[in-house]
Amino acid sequence: MTSPTHLAPAGTGPRSLRRARPRYGERAIQGLLLTAALVSVATTVGIVVSLIPPTVEFFERVSFADFLGTEWTALFSSPQYGVLPLLSATMLITVIALVVAVPVGLGAAIYLSEYANRRVRAALKPALEVLAGVPTVVYGFFALSFVTPRLREWWPGGTGPDFQNALAAGLVMGVMIIPTIASLSEDAMSAVPDALRDGAYALGSGRRTVSVRVVVPAALSGIVAACVLGISRAVGETMIVAIASGNQAVLSWNPLAAMQTMTGFIAQAGSGDVPVASFEYKTIFAVGALLFVITFVMNVISIRLVRKYREVYE
């Protein structure tokens, strides 16, 4: 039997499978990707480092008990630093947004993944994702100029200047995060193997049963991640709440009342009227630190949920 080395042309030895020249292009790409990852980490570290000193100075003067109070008048002549009105408004508007975005987003994702043909999906999904590219200030003015007057006609007993309220901000914010939830959920559902669908159809299941009881549970980790990302966008949204919610720091669970969220206060206090070296300016960092902690906790919870419900298919 002829040895494999004898297959080489005469006068040459066995050929090596190792490349003679290094692949500089791949090394450059690896360096760029590593740089991108390091920039992301460095940005997070920079945010934390910038928040810590002013926040520590703030809590040297204001106790945690006072910070968890029910009255927030940080920019008034007689300041109070109870953050619960800002926190409650943030949570209420986020819940309203999720009530709008989660059903509509999941419904759109199920339709695009399980019902729409390729031509319809190719037309509808880009059209849906166009909403994600609309500037949030446009959503804010839409809430102020269109949604708020309609609510004022339907519920004339509202409070606040021009009946600015948490409901208008929450409804429009829900529309804003629909593309995020719908697009990511549809990607997760499309990644479910067709063998699961075929097995369910072979057992006599209808399309609705396959969609709800097979595809959605199989893609649950991706759907959870999409919903958590939508929550993070809602909690951190600034322009919609700054324009449409009323900017009144009151502790209320009435969605028709004017409210101020944490991001709304940061936008108001950071607009240039507050001196940079003043104690009032440090309240921005205290509220920002609380917002950062809330977002961090939500991300930790989402990671645990994704790992718990993740399905691995071969």
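Q: What makes the contact of Glu186 with Arg121 a salt bridge?
A: In this predicted model, the closest N and O atoms of Glu186 and Arg121 are 3.9 Å apart. The cut-off is within 4 Å, so the pair counts as a salt bridge.

Q: Which parts of the chain does this pair link?
A: Glu186 lies in helix H6 (residues 166-190) and Arg121 in helix H4 (residues 118-130), 65 residues apart. The pair therefore links distant parts of the chain.

Q: Why is Glu186 called buried?
A: Its relative accessible area is 3%. Buried means under 20%, so Glu186 is buried.

Q: Which residues are linked with Arg121 and Glu186 in a network of salt bridges?
A: Lys125 and Asp187 are linked with them.

Q: What makes Arg197 and Asp194 a salt bridge?
A: Their closest N and O atoms are 3.0 Å apart. That is within 4 Å, so the label applies.

Q: How far apart are Arg197 and Asp194 in helix H7?
A: They are 3 residues apart in helix H7 (residues 194-202), so about one helical turn separates them.

Q: Why is Asp194 called exposed?
A: Asp194 has a relative accessible area of 51%. Exposed means over 50%, so Asp194 is exposed. Arg197, with 9%, is buried.

Conventions
Residues are numbered from 1 along each chain as its sequence is written. This is a predicted model: local features need pLDDT of at least 70, side-chain atom pairs count only at pLDDT 80 or more; totals for chains, interfaces and linings use all residues. Side-chain values use heavy atoms; hydrogens and water are left out. A salt bridge is a side-chain nitrogen of Lys or Arg within 4 Å of a carboxyl oxygen of Asp or Glu. Helices (H or I, at least four residues) and strands (E, at least two) are DSSP runs, numbered from the N terminus. Buried means under 20% relative accessible area, exposed over 50%, partly exposed in between (1.4 Å probe, protein chains only).
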